Amino acid sequence: MPNKVAVVTGGSRGIGRAIVLALAGAGYQIAFSYVRDEVAAMALRDEVQGLGIDCLALQCDVSSSDSIKGFFERVDGHFQRVDLLVNNAGITRDGLLATMPARDIVEVIQTNLIGTLLCCQQVVPGMLRQRGGCIVNISSVAAQKPSKGQSNYAAAKGGVDALTRALAVELAPRNIRVNAVAPGIVKTEMSTALIGSQEEEIQSRLLIKRYAEPEEIAEAVLYIADRGLYLTGEVLPVNGGLKMP
Ligand code: NDP
């Protein structure tokens with residue numbers, strides 16, 4: 001697939017980084033975004049380019065519609081097409097709802113849900129013209145089986161699951177598939193706080209008694225993109241059998 005182009009939001013660290021490397025290994029040309037960690041982003045870009053893969057690393061804050069628009073304009077200027085969009089960028093602001101600052105609700109919904117919708121909106125017209133494409137949204141087990149203090153995040157990821165199904169219905173006639181991957185607890189900076197405060201409870205809920213590696217989530221994304229060609233409108237759980245508390 002020398003000509004396929006993938007866009008990954010939040011590619012500089014964690015799960016996004018593993019997705020970028022997995023897609024590069026499968027031959028995709030890649031544009032990925034970062035928001036703060038420029039050093040990590042440039043190191044990853046250099047690593048991918050070292051594999052002989054064309055790779056763009058651009059700053060984009062998915063909580064800002066202007067930033068998203070500018071990012072996709074630059075991607076389009078460079079690659080002129082997008083075959084695969086992976087909406088990975090996300091944040092948590094965990095806390096009990098009774099005392100949660102309103103901004104933590106707004107930021108989490110804006111980044112995880114509205115950011116995902118707006119990124120989809122940027123690539124859909126091109127995919128409609130191409131009559132083909134694939135979108136993979138990174139959801140979370142929290143949408144179905146949340147931990148304590150995740151009402152804002154669970155609401156946002158539940159919205160991501162719903163938009164995945166709705167967009168799959170809308171785009172299937174033009175050969176565009178839309179799916180989501182819902183990870184459990186993955187070893188990244190994001191999960192450090194959650195693991196730190198609720199380690200015992202989380203371990204007791206896991207059937208597979210370890211946390212996921214980011215590469216295991218990337219593998220699921222690659223499967224949906226390249227091999228799961230009869231999959232659309234699905235949310236694929238990759239959570240080690242995590243149960244409700
Ligand atoms: P990390 O915190 O390790 O990395 C987050 C990535 O998203 C970074 O690349 C960061 O960029 C980027 N990012 C953060 N905010 C924004 C923003 N406003 N605009 C654009 N990019 C942004 O997170 P993970 O790798 O753990 O999580 C990736 C995805 O997986 C998220 O959607 C998360 O909700 C989901 N997930 C994670 C789980 C886990 O256990 N880790 C479990 C279930 C789902 P920068 O480096 O520049 O800050």
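Lys 4 is partly exposed, with a relative accessible area of 31%, in a model that is predicted. This lysine belongs to the segment before β1 (5-8), and, when residues up to four places away in sequence are not counted, its contacts are with Tyr 28, Gln 29 and Asp 83. Lys 4 and Arg 81, although separated by 77 residues in sequence, have C-alpha atoms 8.4 Å apart in space.

The protein as a whole contains seven helices and seven strands, and from the N terminus on these elements follow the order β-α-β-α-β-α-β-α-β-α-β-α-α-β. Its radius of gyration of 17 Å is close to the 18 Å that the globule rule gives for 245 residues, so the protein is as compact as a globular protein of that length. The C-alpha trace spans about 45 × 40 × 35 Å along its principal axes. Of the 245 residues, 49% are buried, and among the contacts between residues at least 6 apart in sequence, 74% join residues at least 24 apart.

The crossing by which α1 passes α2 is right-handed. On the α1 side the contact involves Arg 17, Val 20, Leu 21 and Ala 24, and these meet Leu 44, Glu 47 and Val 48 of α2. By class, this contact of α1 with α2 comprises five nonpolar residues, no polar residues and two charged residues.

Helix α3 (residues 65-79) packs with α4 at an angle of about 35 degrees, and the two axes lie 10 Å apart. Here too the crossing is right-handed, with α3 passing α4. The residues contributed by α3 are Ser 65, Ile 68, Lys 69 and Phe 72, whereas α4 contributes Gly 115, Leu 118, Cys 119, Gln 122 and Val 123. The contact of α3 with α4 is made up of five nonpolar, three polar and one charged residue.

Helix α4 (residues 102-130) also packs with helix α5 (residues 151-171), in this case at an angle of about 15 degrees and with the axes 8 Å apart. Because angles under 35 degrees count as roughly parallel, α4 is roughly parallel to α5. The crossing of α4 and α5 is right-handed. Among the α4 residues that make the contact are Ile 105, Val 108, Ile 109, Leu 113, Leu 117, Cys 120, Val 124 and Leu 128, and those of α5 include Tyr 153, Ala 156, Val 160, Leu 163, Leu 167 and Leu 171. Asp 104 of α4 and Lys 157 of α5 also belong to this contact, which by class has 15 nonpolar, four polar and two charged residues.

Ile 138 and Ala 225 are 87 residues apart in sequence, and their C-alpha atoms are 13 Å apart in space.

With residues up to four places away in sequence left out, Lys 209 touches Gln 203 and Ser 204. Lys 209 and Ala 98 are 111 residues apart in sequence, and the distance between their C-alpha atoms is 32 Å.

Note on methods:
Residues are numbered from 1 along each chain as its sequence is written. This is a predicted model: local features need pLDDT of at least 70, side-chain atom pairs count only at pLDDT 80 or more; totals for chains, interfaces and linings use all residues. Side-chain values use heavy atoms; hydrogens and water are left out. A crossing is left-handed if the near helix is turned anticlockwise from the far one by less than a right angle, and right-handed if clockwise. Helices (H or I, at least four residues) and strands (E, at least two) are DSSP runs, numbered from the N terminus. Contact means heavy atoms within 4.5 Å. Ala, Val, Leu, Ile, Met, Phe, Trp, Tyr, Cys and Pro count as nonpolar, Asp, Glu, Lys and Arg as charged, and the others, Gly among them, as polar. The radius of gyration is taken over C-alpha atoms; the globule rule is 2.2 Å times the number of residues to the power 0.38. Buried means under 20% relative accessible area, exposed over 50%, partly exposed in between (1.4 Å probe, protein chains only). Axes are lines fitted to C-alpha atoms, for helices over the stretch in contact, and angles run from 0 to 180 degrees between N-to-C directions. Angles under 35 degrees count as roughly parallel, over 145 as roughly antiparallel, 65 to 115 as roughly perpendicular and the rest as oblique.
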